[in-house]
Amino acid sequence: MPILALVILAGCSMPCDTDIIPDLGLETLEDVLYYVADHTSYVSDEDAHGRIDEWQEPHQTYIWGTGDCEDFAILVVYLADRLGIEIKAEMGYSPEGGHMWVSVDRNHYESVMGYQDNTLPERFDSFRHTYDAEEVLSASIRRSIKEGI
């Protein structure tokens with residue numbers, strides 16, 4: 001337990017999340033989506049971090065149980081990737097703002113609520129980007145993605 005406390009206080013960045021998130025007994029993408037939807041609550045970056053946009057590491061979202069769309073998508077990608085599922089994170093913008101979700105085999109899933117929604121690419125089609133699991137899970141690449149958009 002003292003290691004966990006140090007990690008939380010230090011804010012630990014990759015790759016320490018591998019040691020923190022245990023095997024949750026998840027077997028399918030549906031299991032992952034439902035787990036994240038059932039065990040997390042939406043909290044805006046401004047409320048959680050005092051900044052407009054802050055991408056949490058997967059272990060932070062797992063431990064805190066809070067985040068926003070990109071935090072949930074990053075956790076879903078991490079958990080699905082551990083199962084060997086070829087998953088991508090997608091990001092797009094609309095007049096209402098930006099959003100991140102996940103996709104597998106051209107099916108799009110709302111990582112915040114855990115359901116399939118193939119209208120996401122159409123609704124958030126401005127500046128749309130797709131990232132594979134390795135890109136999303138690399139802390140340095142994630143930061144450059146965020147800063148480049």
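Select W101: with a relative accessible area of 0%, W101 is buried (under 20% relative accessible area; exposed is over 50%, partly exposed in between, with a 1.4 Å probe on protein chains only). You are looking at a predicted model, where local features need pLDDT of at least 70, side-chain atom pairs count only at pLDDT 80 or more, and totals for chains, interfaces and linings use all residues. Residues are numbered from 1 along each chain as its sequence is written, and side-chain values use heavy atoms, leaving out hydrogens and water.

**Stop 1: the aromatic pair.** How many aromatic pairs does a search of the whole structure find? One. W101 and F124 form that pair, and it is tilted, with 6.0 Å centre to centre and 40 degrees between the planes. Here, rings of Phe, Tyr and Trp (its six-membered ring) pair if their centres lie within 6.5 Å; planes under 30 degrees apart are stacked, over 60 edge-to-face, the rest tilted. W101 sits in strand β4 (residues 97-104) and F124 in the loop between α7 and β7 (126-132), so the pair ties together parts 23 residues apart in sequence. Helices (H or I, at least four residues) and strands (E, at least two) are DSSP runs, numbered from the N terminus. F124 also counts as buried, at 11% relative accessibility.

**Stop 2: helix α3.** Select residues 29-39. The buried residues of this helix are L29, V32, L33, Y35 and V36.

**Stop 3: the core.** Now show the largest nonpolar core, which has 31 residues. Such a core is a set of buried Ala, Val, Leu, Ile, Met, Phe, Trp, Tyr and Cys residues joined through side-chain atoms within 4.5 Å. Helix α6 gives the largest share, 10 residues. L29, V77, L79, I87 and V102 have the most contacts inside the core.

**Stop 4: D117.** Finish in the loop between β6 (115-116) and α7 (120-123), where D117 lies. Is D117 buried or exposed? At 12% relative accessibility, D117 counts as buried. Not counting residues up to four places away in sequence, D117 touches H108, Y109 and R123.

Terms used:
Contact = heavy atoms within 4.5 Å.
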